[in-house]
Amino acid sequence: QITTLINHKDKPKRSDKTLQAIQRVGQAVNLAVGRFVTVGEAIANENHELKEEMSVACIEARRAGETIAQLTDVASLDHPESDSHITIFTDKTGVVKAARLLLSSVTKVLVLADRIVIKQIITSRNKVLATMEQLEKVSSFQEFVQIFSQFGNEMVEFAHLTGDRQNDLKDEKKKARMAASRAVLEKCTMMLLTASKTCLRHPDCESARINKDGVFHRMRLALEQVIEIVTDSRPNGENEMAPISIYSGIKEFKNKVEGLRENLYFLSKENLSTMLEVILEHTEDFTDSAYTSHEHREHILELSKQAKMELEQLVSVWMQAQNQKTTDLMEDLEVAILKTCQCMNELKREVHSAATSLAADLLKYHTDHMVLKALKITGVEGNLEAVAEYTCKLSEQKEQLVEMCRLLRHVSGTEPLEITCIHAEDTFQVTGPQIISAAETLALHPSSKIAKENLEVFCEAWESQLSDMSLLLREINDVFEGRRGEKRVYLSLPRPGKHNANLKALKPVKLDTEEQAKIAKLGLELHLLTSDVDSETEKWEDQENEIVQHVQGMSSMAYSMYLFTRGEGLLKTTQDLFHQAEIFATEGTKLASALHALSDQVHDDDKPLLLLEAEKLISMCKQLQITAKASAQGKSATYTKVDACILKTRNVMTLLCQLLPLCCKLLRKNKAGNGCLKPAPPWKEDRIRTGTNARTPERRVDTFGIKSLENHVTNMTFLESK
């Protein structure tokens, strides 16, 4: 709304409608600032150490909001030019200054509030640690129950605070690390309960003590990591070592290679060679693994050798091109770049196949949990020899799953998924020995109900992690296939017998490297347009709006077509691309119908423009459908058709970039009435209040095991000590 005020066009004639709109925007800004400042002042009153700074920032914000309201108080002026009253029309710089002061003071309030939140989390962590130390030292069951009740309440508070913080984090990597730490705390809270009870019941049992110590140690590490994330710091000033994966290595290597198109001198050949060596060194994790199939191992070694040869050829042409930029040499360089990138894509595809096929096989094989069931049975029987036999089998299973996580990390595709793989690896690494110590305790005390319950809890954690791995594997495959983030992807690829009969007569064609080079520029433009369109759709408050749904679908399909130009994604052949173009055009026609429906709802000067743009869209989509359905025989004709389809898709996406702001504007006018902008949504005033009442049911906080923890605390009675 501030941007609207500053960017408004000065016109000689100003209608009453315009004056009213400007005044309403100014009043809305002032009202929003007032609500914001009320929250800030409430926070200041509760936190005396920052009260002075917060109060100053709130006063500045309130003053700026009032200034904006005064400068936009123009609706009652019949002749604002001649009036002595200063307004936005006579002093636009005043609005700019007030807006700057407002943004500066609001930012200061937010930063101060953030410091308070961080302090609350640290204080809560310190309480949890102090109570944990007491729990470790208790010797009677009665004392344990009392302290654990306090511990449970403190963990619930910590869960709420860190859950809110996780939701507020913008960095996806930090968010993933926070989620991993909180998942550890969720499982360990219940483990701590049963492990401590077992140790109290059997104080002289060494395996029970080892089991309990492991839980406490893991909880302390998780608590420490939460604080590192919240304060953005590392212990002893260490720098965080980001895990290096084959996927990220190949991505960076390809970016450097493709950068040679723009600049032949921005890096050295030694730099490129070193990058490739690091990637190939990581492929040894696959070739040296006992769980990689012979076929995958051979293919990876072969592609590694080919990658070295392609880089040697690239460096040779590159060095020549630095000395003499002839047309022939630049064409040779382009071919060398494409061949190198294609080889790296094939290597990436091969390691992905090796890791995911191993994971799928292992998860399927271990889905029956036979070893865990056997440990429970032999433990209750007190059969120490059989327990020892099955613990060896569990150790083997643990090594397999740990290796699976390491290989999956290399092909995970995004930093958050890499972190999830590392968390899974740690979980298997730690939980395996804990199950073994719990099983040994039960075997030594086969009639102990608490020892049996303890083993159940650790086995459930193992089974839960295996279940999570299935979801993780699906996400990794989605990223690899181009189904990234929350993008809606249309899996409308041709399948035998399901689509147009004339598709069967056409032989699918793959473009060679030179042809891919020619459409690379078009593909890049398409990629940029999908980003622009996605940015526009994110501005819509109603994400379920029919227009937004159609546009998001079209953007997703355009993104798949962009991936095709890079030799990646779901569209493998030209026939896949043509079919996707048809579906894209059909979706565009549906969007045009939705635009016509919108035009019937609005009465505005922009309505004719909307109808004109809708007609343009229909025309473009018809042309694209004709092009996509046209027969193309031979390699040259197929390439021309590919080029035309991508060009026409790009033109449609360009039109969408112009259409979306217009539609959004019309909808807002229609909703607000009489052409005025939609007022700002009211602040959630209940956020000022503290306690459970401040947490509305609409806001779903991802708190770990709170209900089950509270139930455990409630249900614990002194009768258990008998």
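The protein chain has 21 helices and zero strands, where helices (H or I, at least four residues) and strands (E, at least two) are DSSP runs numbered from the N terminus. Of the 722 residues in the protein chain, 48% are buried; buried means under 20% relative accessible area, exposed over 50%, and partly exposed in between, with a 1.4 Å probe and protein chains only.

**Basis of the values**

- Because the model is predicted, local features need pLDDT of at least 70 and side-chain atom pairs count only at pLDDT 80 or more, while totals for chains, interfaces and linings use all residues.
- Residues are numbered from 1 along each chain as its sequence is written, and side-chain values use heavy atoms, with hydrogens and water left out.

**Contacts along the chain**

- Among contacts (heavy atoms within 4.5 Å) in the protein chain between residues at least 6 apart in sequence, 78% join residues at least 24 apart.
- V95, in helix α4 (residues 92–137), is buried at 2% relative accessibility.
- The C-alpha atoms of V95 and A64 are 9.0 Å apart in space, and the two residues are 31 apart in sequence.

**Largest cavity**

- The count comes to one cavity of 30 Å³ or more, a cavity being a set of points, on a 1 Å grid over the protein atoms alone, where a 1.4 Å probe fits but cannot get out.
- The largest cavity holds about 30 Å³ of space; grid points are joined across faces, edges and corners, and a volume is the space filled by probe spheres set on the points.
- The lining consists of I547, V551, L591, L595, L656, L659, L660 and C663, lining residues being those with an atom within 4 Å of a point.
- Helices α17 (546–565), α18 (574–601) and α20 (635–672) each supply at least two lining residues, and α20 has the largest share, with four residues.
- By class, the lining has eight nonpolar, no polar and no charged residues; Ala, Val, Leu, Ile, Met, Phe, Trp, Tyr, Cys and Pro count as nonpolar, Asp, Glu, Lys and Arg as charged, and the others, Gly among them, as polar.

**Aromatic pairs**

- The model has five aromatic pairs, in which rings of Phe, Tyr and Trp (its six-membered ring) have centres within 6.5 Å; planes under 30 degrees apart count as stacked, over 60 as edge-to-face and the rest as tilted.
- The rings of F141 and F144 have centres 6.1 Å apart and planes at 45 degrees, so this pair is tilted.
- Both residues lie in helix α5 (residues 141–168), three residues apart, about one turn of the helix.
- F141 is buried with a relative accessible area of 10%, and F144 is buried at 0%.
- One aromatic cluster is formed by F141, F144, F148 and F151.

**Individual residues**

- N323 belongs to helix α10 (residues 294–323) and counts as exposed because its relative accessibility is 70%.
- A polar atom of the N323 side chain lies 3.3 Å from the backbone oxygen of M319.
- S437, in helix α14 (residues 415–444), is buried with a relative accessible area of 6%.
- Leaving aside neighbours within four places in sequence, S437 is in contact with S207 and N211.
- H369 lies in the loop between α11 (327–365) and α12 (370–381), and its phi is near 55 degrees, a positive value in a residue other than glycine.

Note on methods:
On a 1 Å grid over the protein atoms alone, a cavity is a set of points where a 1.4 Å probe fits but cannot get out, and a pocket is an open set with protein on both sides within 12 Å along at least five of seven lines; lining residues have an atom within 4 Å of a point. A polar contact is a pair of N or O atoms within 3.5 Å; within protein, one must be able to donate a hydrogen and the other to accept it, and residues adjacent in sequence count only if both atoms are side-chain atoms.
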